[in-house]
Structures are given as structure tokens and as C-alpha cells.
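Here is a briefing on aromatic pairs and nonpolar cores. Please look over the sequence and the model before the notes that follow.

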Amino acid sequence: MIRPATRVLAAELAAHAGESVEVCGWLHRRRALKSVTFLILRDRSGLAQVVLPAGGEDLPEETVLRVRGTVVPDSAAPGGAEVARAEVEVLSSRAAPPPFDLYRPAVPASLPTVLDHAPVALRHPLLRAPYEIGAASVAGFRAALDGLGFTEIHTPKVVSSATESGANVFALDWFGRRAYLAQSPQFFKQAMVGVFERVYETGPVFRAEPHDTARHLAQYTSLDAELGFVRDHRDVMAVLRTAVAGMTAAVAERAQRAVQALGAVLPEVPEEIPSLHFAEAMELLGADEPDLSPEHERRLSRWALEEHGSEFLYVTGYPMAKRPFYTHPEPGRPACSNSFDLLFRGLELVTGGQRLHRIEDYEAALAARGEPREPYAGYLQSFAHGMPPHGGFALGLERWTARLTGADNIRRTTLFPRDLHRLTP
Ligand code: AMO
């Protein structure tokens, strides 16, 4: 027979006043006073206070406990109730102390210390909070796109050709053949437009990024979407707006505790996100360059906030020379593209655009870039067999949560960052 669950979560204690309950968790803090000892237990829902006689249970922090006792309302306890007349059982003792005190309200550790000890450090309520926000964001992304008739897909992460650029790709040996870690699901999501019309994927992508910056990782989580029968990139931008609004709403609804703990300020997503052509952006910046620098992105974001009261800004029409070969040119202005970036709080959050869809355009684009056809033979099948005008986008999850939480480095919103220096833990 399966035993009925008797465990009550910390956050539910007050609703069980007067009852005999069981709570389980980690010993967050032990506080020995003259007349009583308090054990503060941490579980997935929050903190619970257990009251014992003076001198009770001299256990170190992070010991894993099961406590049985009676719930007594107490306005001074977290959640307004505590567990009294408690019996404490050790489920697992700890062999080593945490790298810093997890019970302190602020995090008394540097980023490298946190990353080196991630399995323990992330138990700190403030350090786990960004991942609650990330989880809610992905749920919101899925719900928004499900609502628009998209199908979720899962595509290979080991591939036979680079998708974004030949340079920053990790090569590996695949049963004696050369293979690569996928830089994006770009080719697969386009192919699946030929099957489902509208698809999305959330998953890891890999970039052999030689930069050591606060915004680049060698592995990150890409939220990708692709849709068929678009008029041009503006239809894609409208879908992206719905996805970002859905993500924001889901964070407000599902990650309230984390938002409050971090003092995160959620953005207003305008009905129509303001948009600037790349040529206009350059004029505004008084610059003449083929791409935006990080400083340009910050200045443009400030401009959007001042001029339009928006924390989001689309920059469209990027030079074709700076975009991948699958990018659709701007009609009547072939040096520009029907592509866009979405800037959010001073940082590029999303890249997207309309793609080529005719086989002859792909063949011409590859030839113009001096690329052989052979590595792309699988990809080109879709276009040889009829593809509608289509487009899509990819949003970097870690950058999104970093901007939402005000983190100065995306490693603060990446569980186990993989970069130039880090392969463990
Ligand atoms: P792109 O290469 O611009 O576009 O990537 C899309 C978004 O992913 C995030 N991002 C990164 N995040 C962390 N570390 C990195 N090294 C990193 N590189 C990119 C950014 C960026 O805006 N296939 C196209 C998308 C498309 O057109 O659909 C692509 O991958 O937030």
C-alpha cells in the first residue's frame, strides 16, 4: 500500500494550526536562546520555525531533518505559525560546512565563490530566486506560443555543419566523423515550418565564445520560435511581443516570491514595441558602423525610454553583411535585411527576422558567400520541396533573467555556467 503523504510545507503551516504535522527540510539556522532553542527549517516553499526546549538538538546548519509536532499560531514566526512539542529526526547529516552562511539575508560571497560552490550556494534563497523567475518565464513562453497554435519541438544538439557562423563552433568526434555542437536549432526549426507551420523549442545551444564578458556564455538556453506564412519580419515581431508579454505575466503570477525577494521590477510590455531602422539608429548615434556595440545598445535603450517610455526597442534592417546567409534582404534595399534585434534594458535580448524561402535564393546566397552546397544538403531539402515565406527569432533566457533581476553578469542567472574558464562544477 502507498503511504498517504503527511508532509506539510513551510508555507502551509498556518493553515494547519492545532494539527499534528510533519515538516521536512534543511536546518537553515539554529538559534539557541536562554529559555528556548529555535530551529529554522528550509524547504522548497520557504522557512518554518520549530521550537524546542533550551539546549535542544545541537545540530549544524544544512543537516537534513524530519520534524513531527503540533502547529501553534505565532505572529513572530515566519508564516505566522511554528511547530511546537517537536520530535526531530536526522535524515542526513552534513559532512562539510557550507562555503558561507546560507542563513544571512544578504549573500556574503563573491561571484566566483558562488559559482565554485554552486550546488550548495544556490540553496541561498536569493541565489535560487533567479531560477524561479527563469522557470516561470519558460512556462509563460510556452503558454503564449501554445495559445498561438505553435507546436513544441526537440531537435538534435549534435550537427554536421555550423548554423550561425563558421568561427565559434565546438567540433567533436562522432564515431570518427567530424561533428559540431549546435549553435542554434535554426535549420531544424525552419525545416519544421514545412511540417507544422509554427514551432518553438527551448533548449541548450553552444557557442565557442572566445570573449570573457558579462553577457556571453559558451552554453546558454535559447528560446526559439519559427512561423510560416508571414508577410515579412513584422509578423514575427508581433509574435515575439506576445511571447515576451506572456513571459512577463507568468513571472508576475508564478514567481511572486522570487520577484519580491530580489526587488525585481517587471517591465511594461507596450502593445506595440517602438522600432527603429538600423540606418536611423546610426544617425541617432552619430555613428557609421555595420553593427551595434554594447555602448550603442545602451544609448538606444535610453533613447527608447525617454522618447517612447519603453524598456524594449526593436532595431530592424541590419546590414545583410552582418547577418547569416539565410536572412531575407529588405525589398528595394538589398544591402539591408528584413531582420531585427530586440533590445531590453540596454542589452540585445533577441535576434530574429524573415528568412529566404526559395531554393534558388539559398543557392545564390551560399555561392555569394563562397560556401559549398554539400554541408547544407539536408537543410536545403525543405526549400527544394516548397516552403512558405517564414521567419522566427531566438531569445537568450539567461540574458532575460539577468535584465529582469538587475544582475550585472549573466553568470548570476546561469545554474552552472560554461565559459572560457569554467567546465566544473
Ligand atoms: P543569435 O546568435 O543573435 O541569433 O542569438 C540569439 C540570442 O541569443 C542570445 N545569445 C547569447 N546568450 C549568452 N551567451 C552567448 N554567447 C549568446 N549568444 C547569443 C542573445 C541573442 O539575442 N538563429 C538566430 C536567431 C534567429 O534568427 O531565429 C540566432 O541564434 O540573447
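Buried means under 20% relative accessible area, exposed over 50% and partly exposed in between, with a 1.4 Å probe and protein chains only. Tyrosine 362 and phenylalanine 383 are both buried. This is a predicted model: local features need pLDDT of at least 70, side-chain atom pairs count only at pLDDT 80 or more, and totals for chains, interfaces and linings use all residues. Residues are numbered from 1 along each chain as its sequence is written, and side-chain values use heavy atoms, without hydrogens and water.

**Aromatic rings**
- The structure holds 17 aromatic pairs. Rings of Phe, Tyr and Trp (its six-membered ring) pair if their centres lie within 6.5 Å; planes under 30 degrees apart count as stacked, over 60 as edge-to-face and the rest as tilted.
- Tyrosine 362 and phenylalanine 383 are stacked, because their ring centres are 4.0 Å apart and their planes are at 20°.
- This pair links distant parts of the chain, 21 residues apart: tyrosine 362 is in helix α9 (residues 359-368) and phenylalanine 383 in helix α10 (residues 377-384). Helices (H or I, at least four residues) are DSSP runs, numbered from the N terminus.
- One aromatic cluster includes Tyr362 and Phe383, along with Phe187 and Tyr376.

**Nonpolar cores**
- A nonpolar core is a set of buried Ala, Val, Leu, Ile, Met, Phe, Trp, Tyr and Cys residues joined through side-chain atoms within 4.5 Å.
- The largest has 39 residues, of which Leu342, Phe393 and Trp400 touch the most other members.
- Helix α5 (residues 233-254) gives the most to this core, with nine residues.
- Another core, of 18 residues, lies apart from it and includes Leu13 and Val71.

Terms used: Helix = DSSP H or I, 4+ residues; strand = E, 2+ residues; numbered from the N terminus.
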